Amino acid sequence: MASSRREGSEKIVVDSIHGDVHLTECELKIIDTGSFQRLRNLKQLAMSQMAYPNATHTRFAHSIGVLAIMERITKIAKESGQIKLTKNQEENLRLAALLHDIGHYPYSHLMERIDNVKLIEEQAEGVEEVGKALDRSGIPYPEHDLVGTYIVTMQSDLVDALGGKKRANAVANLFGPKRPTGSEISLQLSMLVHSSLDMDRLDYLLRDSQATGVPYGQIDINYLLNNLKVSPSGRVGISEKAMPAAEQFLLARFFMHRTVYYHKTTFGIEEVCRQLLRRLRDQGKYEIPKDGNKIRSLVTSEALGTFTDAYVDQVIQKAVNDNDRVIQALAKSIQKRRPPKLLAEVNVLVSSEEPGRPHKGTIFTLNCRHKLRQLADDFNIPLQQFILCETPPLRLEKRGRMIAVEEAKSANLNEEEELIKVFVRGEEEPKSLVEIPFSLVSRCAGLFFQSFRLYVVYEGEDKDSIITRLRETIKDWDKG
Amino acid sequence: MDRQQIGVKLTVDGLNLPFNIDFFMDRLIMQKTVYLAQAAGVNLGYFYHWYLHGPYSPSLTRDEYSIDADVAAGLDDSKGWKLDESSSRRLDGIRTIFSEADRDKLARKLELLASVHFLIDRKQASKADPSRITATLRQFNKPFSEEDVKNAIGELARYGLLAA
């Protein structure tokens, strides 16, 4: 943590991770808008506080942390002399860092992804096997990056604080899906908002680790930032001596996912909430926005300030008294913190280099689909209270089955730009970490971890014995 | 596979393309295919920005790898699902865009079509100004001629992918 004074800054905010963060007049104006203050009411880790009581830190604190990292990165880029940043460009990069999470939904990815949720009745065999219609004619909920661009360019308090529409568009383009088409700013620097070694991750790993008390997320941020370099062609990477710090950063991310983000209680209760929201939306209840157009209307209106975690909390509160037995059970599970019981979990570490062999997770999922309806009948528990889910495949680096090295060199790949790059001694241009034969990442690049889980929401008086019997019944479902 | 990923798989299947991400050209085809399907009105929910090879969606890349892992493990969740009728009709309307058999030629064609569409759609250039579009593409070392760009604008218009 650093303490400092700097000319030109209007105010200093003390952050628990990065120490003093200097704010300019414009940044201060932005932070003081209602649109930005909304971030105080969005928890960074959604429902992780159900498992880690202190994990209540907000998108607000994280956004200021990302600004602190951007300050250091732009300083390094300028000092290298390879990237020429005008004052305006530097200011825009700082503003993009500050505003990069402005578009998050209540409980973040939880609500953002309700369009993606598969309900158990859509998975379990036994009803109509053919013809489950996937409606893609409507507009799905937009990703938070795009919501962010709506807010930055259409909420008048932010547009005013940014000094007008022109700058609002320029800043939104740096973090949103519509990024600059070239000359106005270095593509490499804008990638620092999104690549593997991005500021977002650097901050959230440290912040989440500190808040949860889980030490695996600790990274050597000072060494990583102090060893950032820029190549003659403007590509950003780290020097070879910082490779262990970069590899440890990827390991930290890997273990934080396994321990915190995929925690059985958090993951289960968030999945319950996601399914609850989708069911309610499909039934047109409690004014949950029905599609992407409604989300856009909401976030560009004065109601934006109400679109916080409390928005979902209120829906849950109403749903507790819903007429539908399943809706009620799901809502109570969240409200009373009675997380779904994990009946079985199958973890796999799979090599994507060896496709074609069903692993235990596949067998488990297929068995669940085949047998769940009968299981629900046998135990007289509504099928909809079973939660069959899987974590996203987790890799050390963003890309698993990596492109051939020769292909990477020749093709100037989009994906390659998202990987951490290293300046190997004696070479002017950096290589991806996965291309370096002595890196741990290159050896593990083809591997991914995934967890397949079956939960049940059940609160009968015979809960303990029912759960024991259910576990006993399905204990071999991961076998062929 | 989640519902968004199922949508991608059904779209690729619906256009009679193999789901293959083994090589860069395969992934480029995948990116531009989904882009053009969305331009035709199949709302798969991916948001594109401009990158080295034109419109690119990191979320889609992530999902491609997930779908690939599931399919490789024998878990093709798209089976038993179908796209709604209106989306299916929209795919029918653009299927012939993808009929080129040579992979590299198809990749180049789709890169051009998607790039030109993106620049026009995001108001970076006018469809009435192919020379500006060509110049923008040249900034990114794309060897497309003005004639190529004019043909691409014509093709996009024929398939109803450009707003009037």
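**Burial, cores and helix packing in a predicted model**

Helix α7 of chain A, residues 144-154, is mostly covered, since eight of its 11 residues are buried. The buried residues of this helix are A:Asp145, A:Leu146, A:Val147, A:Gly148, A:Thr149, A:Tyr150, A:Ile151 and A:Val152. The model described here is a predicted one, and the values reported below are computed from it.

In soluble globular proteins, nonpolar side chains tend to be buried together. In this model, the largest nonpolar core has 111 residues, of which A:Val171, A:Ala246 and A:Leu276 touch the most other members. Helix α3 of chain A, residues 59-80, supplies the largest share of this core, with eight residues. When neighbours within four places in sequence are left aside, A:Leu276 is in contact with A:Ala319, A:Ile327, A:Leu330 and A:Ala331.

Chain B contains seven helices and three strands, and its elements, read from the N terminus, follow the order α-α-β-β-α-β-α-α-α-α. For the 164 residues of this chain, a compact globule would have a radius of gyration near 15 Å, and the value of 16 Å found for chain B agrees with that expectation. The C-alpha trace of chain B spans about 50 × 30 × 30 Å along its principal axes. Of the 164 residues in chain B, 51% are buried. When contacts in chain B are counted between residues at least 6 apart in sequence, 67% of them join residues at least 24 apart.

Two packed helices are described by the angle between their axes and the distance between the axes. In chain B, the axes of helix α1 (residues 3-14) and helix α3 (residues 58-72) come within 10 Å and cross at roughly 80 degrees. Because angles of 65 to 115 degrees count as roughly perpendicular, α1(B) is described as roughly perpendicular to α3(B). On the side of α1(B), the contact is made by B:Gln4, B:Gln5, B:Val8 and B:Lys9, while α3(B) contributes B:Asp63, B:Ser66 and B:Ile67. Sorted by class, the contact of α1(B) with α3(B) has two nonpolar, three polar and two charged residues.

Backbone angles were also examined in chain A. Most residues other than glycine have a negative phi, and most peptide bonds are trans. A:Ser108, however, has a phi near 55 degrees, which is a positive value in a residue other than glycine. This serine, A:Ser108, is placed in the loop between α4 (87-99) and α5 (109-112) of chain A. With 20 other C-beta atoms within 10 Å, A:Ser108 is buried, because a residue counts as buried if 20 or more such atoms lie within that distance. A:Glu287 likewise has a positive phi, near 55 degrees, and is a residue other than glycine. A:Glu287 is found in the loop between α14 (264-282) and α15 (292-299) of chain A, and it is partly exposed, with 13 other C-beta atoms within 10 Å.

A further residue of chain A, A:Arg443, is placed in helix α20, residues 440-444. A:Arg443 has 12 other C-beta atoms within 10 Å and is therefore exposed, given that a residue with 12 or fewer is classed in this way. Along the chain, A:Arg443 and A:His257 are 186 residues apart, and their C-alpha atoms are separated by 20 Å.

Key
Residues are numbered from 1 along each chain as its sequence is written. Chains are lettered from A and ligands numbered from 1 in the order in which they are written. This is a predicted model: local features need pLDDT of at least 70, side-chain atom pairs count only at pLDDT 80 or more; totals for chains, interfaces and linings use all residues. Helices (H or I, at least four residues) and strands (E, at least two) are DSSP runs, numbered from the N terminus. The radius of gyration is taken over C-alpha atoms; the globule rule is 2.2 Å times the number of residues to the power 0.38. Two residues are in contact if their C-beta atoms, placed from the backbone, lie within 7 Å. A nonpolar core is a set of buried Ala, Val, Leu, Ile, Met, Phe, Trp, Tyr and Cys residues joined through C-beta atoms within 7 Å. Axes are lines fitted to C-alpha atoms, for helices over the stretch in contact, and angles run from 0 to 180 degrees between N-to-C directions. Angles under 35 degrees count as roughly parallel, over 145 as roughly antiparallel, 65 to 115 as roughly perpendicular and the rest as oblique. Ala, Val, Leu, Ile, Met, Phe, Trp, Tyr, Cys and Pro count as nonpolar, Asp, Glu, Lys and Arg as charged, and the others, Gly among them, as polar.
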